[in-house]
Amino acid sequence: MSSSLATLILSSLFIVSFIVLHLFFPCRADVGTAASYSPPYLPSKCYGTEATEFPSSNLFAAAGDGIWDNGAACGRQYLVRCISAEQPRTCIPDQSIQIKIVDYAATAVSAASASGTTLVLSDKAFGSIANTTAILINIEFQQ
């Protein structure tokens, strides 16, 4: 077998493998940061004073500039998990939550524990995936 034929076969196998892996194992998660915020949560940029729009589970968040999208983020739901933090053992292992965007972080009534984050999670949401003494965590999230 000539070396050019072997190279062609290997290249073809690589391309086919790449396509198959992306079709059957899509990876669509993004990485960002999250802070927390405490009540009061109303009024919110998305729903004003309408508390019925907030999930009864209290798993919600304010969107940071990176995902706010001029308000289009309102109502979006994300699967979120803590992947790391400055302090070891901050993240709750193998714990993911589904949150709903209800506010814009830059105009939220309550101050976030850290500014400039991708998401600002409600106290309940933050405590569901990380130790509540943390100020900032690194997260993986997907819509």
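This is a predicted model: local features need pLDDT of at least 70, side-chain atom pairs count only at pLDDT 80 or more; totals for chains, interfaces and linings use all residues.
Student: Is Thr118 buried or exposed?

Tutor: To decide that, we look at relative accessibility, where buried means under 20%. Thr118 has 16%, so it counts as buried.

Student: Which residues is Thr118 in contact with, leaving aside its neighbours within four places in sequence?

Tutor: Its contacts are Gly32, Thr33, Ala62, Ala63, Gly64, Ile67 and Phe141.

Student: Let's turn to the rings. How many aromatic pairs does a search of the whole structure find?

Tutor: The search finds five aromatic pairs. For each pair, read the distance between ring centres and then the angle between planes; planes over 60 degrees apart count as edge-to-face. Take Tyr41 and Phe60: their ring centres are 4.8 Å apart and their planes stand at 90 degrees, so this pair is edge-to-face.

Student: Where do Tyr41 and Phe60 sit in the chain?

Tutor: This pair links distant parts of the chain, 19 residues apart. Tyr41 is in the loop between strand S1 (30–37) and strand S2 (60–63), while Phe60 belongs to strand S2. Tyr41 is buried, with a relative accessible area of 15%, and Phe60 is buried at 1%.

Student: How are the rings of Phe54 and Phe60 arranged?

Tutor: Their centres are 4.9 Å apart and the planes are at 80 degrees, so this is an edge-to-face pair. Both Phe54 and Phe60 are buried.

Student: Now for charged side chains. How many salt bridges does the structure hold?

Tutor: There are three. When reading one, check the N to O distance, and then ask where the two partners are. The side chains of Glu53 and Lys100 meet at 3.7 Å, N to O. Glu53 is partly exposed at 33% relative accessibility, whereas Lys100 is buried at 16%.

Student: What is the distance between the closest N and O atoms of Arg81 and Glu140?

Tutor: In that salt bridge they are 2.9 Å apart. Here too the pair links distant parts of the chain, with Arg81 in strand S3 (residues 77–85) and Glu140 in strand S6 (residues 137–142), 59 residues apart. Arg81 is partly exposed at 34%, and Glu140 is partly exposed at 26%. Another salt bridge joins the side chains of Asp69 and Arg76, at 3.2 Å, N to O. Asp69 is partly exposed, with a relative accessible area of 47%.

Student: What should I look for in the backbone?

Tutor: Then look for departures. The bond from Pro39 to Pro40 is cis, with omega near 5 degrees, and Leu42 and Pro43 are also joined by a cis bond, with omega about 0 degrees. Pro40 is in the loop between S1 and S2, and Pro43 is found in the loop between S1 and S2 as well.

How values were computed: Residues are numbered from 1 along each chain as its sequence is written. Side-chain values use heavy atoms; hydrogens and water are left out. Buried means under 20% relative accessible area, exposed over 50%, partly exposed in between (1.4 Å probe, protein chains only). Contact means heavy atoms within 4.5 Å. Rings of Phe, Tyr and Trp (its six-membered ring) pair if their centres lie within 6.5 Å; planes under 30 degrees apart count as stacked, over 60 as edge-to-face and the rest as tilted. Helices (H or I, at least four residues) and strands (E, at least two) are DSSP runs, numbered from the N terminus. A salt bridge is a side-chain nitrogen of Lys or Arg within 4 Å of a carboxyl oxygen of Asp or Glu.
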